[in-house]
Amino acid sequence: MTSDLVSVRYLVDDVAAAVEFYTRHLGFTVRSSVVPAFADVVRGNLRLLLSGPASSAGRPLPDGTTPAPGGWNRIHFVVEDIDDEVARLRAEGVRFRSDVVTGPGGRQIVFDDPAGNPVELFQPAAR
């Protein structure tokens, strides 16, 4: 096993749309692509595996359940100025699940990739 990259798999409906989203809005670069089944994109030490319905990860399970995007588990990006990032992403057409929420550890907001997988922006509270 290698410790160079941390890999997270996201199931997506449209691999090409997911690649465009992550590279355009969040600064990822394409590592490999076999669209429409699969692509992986990288940002720093994070490798995001984008698996479409034609990929092995998208195939139905033995009980007939079909893996699908969405839910609330998410990748999490720490930002210096959440208001600036939200304004930038909204101007680029990204839709958010809610407004910025403030808690004891800082401020956060969640938005979806094109398949409905959540992504969180987080600004830590000043110490």
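Analyst: Let's begin with a pair of side chains: glutamate 92 and arginine 88 meet in a salt bridge, at 3.3 Å from N to O. By salt bridge I mean a side-chain nitrogen of Lys or Arg within 4 Å of a carboxyl oxygen of Asp or Glu. Keep in mind that this is a predicted model, where local features need pLDDT of at least 70 and side-chain atom pairs count only at pLDDT 80 or more, while totals for chains, interfaces and linings use all residues. Residues are numbered from 1 along each chain as its sequence is written, and side-chain values use heavy atoms, with hydrogens and water left out.

User: Is glutamate 92 buried, partly exposed or exposed?
Analyst: Glutamate 92 is partly exposed, at 26% relative accessibility. Arginine 88 is partly exposed too, with a relative accessible area of 30%. The cut-offs: buried is under 20% relative accessible area, exposed is over 50%, and partly exposed is in between, using a 1.4 Å probe and protein chains only.

User: How many salt bridges does the structure hold?
Analyst: Eight. One of them links arginine 90 with aspartate 99, with the closest N and O atoms 3.9 Å apart. Arginine 90 is partly exposed at 43%, and aspartate 99 is exposed at 57%. There's also a network: Arg31, Asp40 and Arg47 are joined by salt bridges that share partners.

User: How far apart are arginine 47 and aspartate 40 in their salt bridge?
Analyst: Their closest N and O atoms are 2.7 Å apart.

User: OK, new topic. Which strands make up the sheet, and in what order?
Analyst: The order is S1-S4-S3-S2, four strands in an open sheet with mixed pairing. S1 (6–11) and S2 are the edge strands, each pairing on one side only. From one strand to the next, the twist averages 20°. Strands here are DSSP runs (E, at least two residues) and helices are too (H or I, at least four residues), numbered from the N terminus. Two strands pair if DSSP finds at least two bridges between them.

User: What about S3, is it enclosed or open?
Analyst: Strand S3 covers residues 38–43, and five of its six residues are buried, so it is largely enclosed by the rest of the structure.

User: How do S2 and S3 pair?
Analyst: S2 (residues 29–34) and S3 pair in the antiparallel sense, over five bridges. They make a hairpin with three residues between them. Threonine 29 is opposite valine 42 in S3, and serine 32 has aspartate 40 as its bridge partner.

User: And how many bridges join S3 to S4?
Analyst: Six, with S3 and S4 (residues 46–51) running antiparallel. Arginine 43 stands opposite leucine 46 in S4. This pair is a hairpin as well, with two residues between the strands, and glycine 44 in the turn has a positive phi of about 60°.

User: Where does helix H1 sit?
Analyst: H1 (residues 15–26) lies across S1, S2, S3 and S4, at about 10° to S3. That angle is between N-to-C directions, on a scale from 0 to 180 degrees, with axes as lines fitted to C-alpha atoms, for helices over the stretch in contact. Contact means heavy atoms within 4.5 Å.

User: Last one: what does UniProt place at residues 4–124?
Analyst: The feature "domain: VOC", from an unreviewed entry. UniProt positions follow the numbering used here, feature names are shortened, and annotations may be inferred rather than shown by experiment. Over residues 4–124 the chain is 18% helix and 37% strand, with the end C-alpha atoms 26 Å apart.
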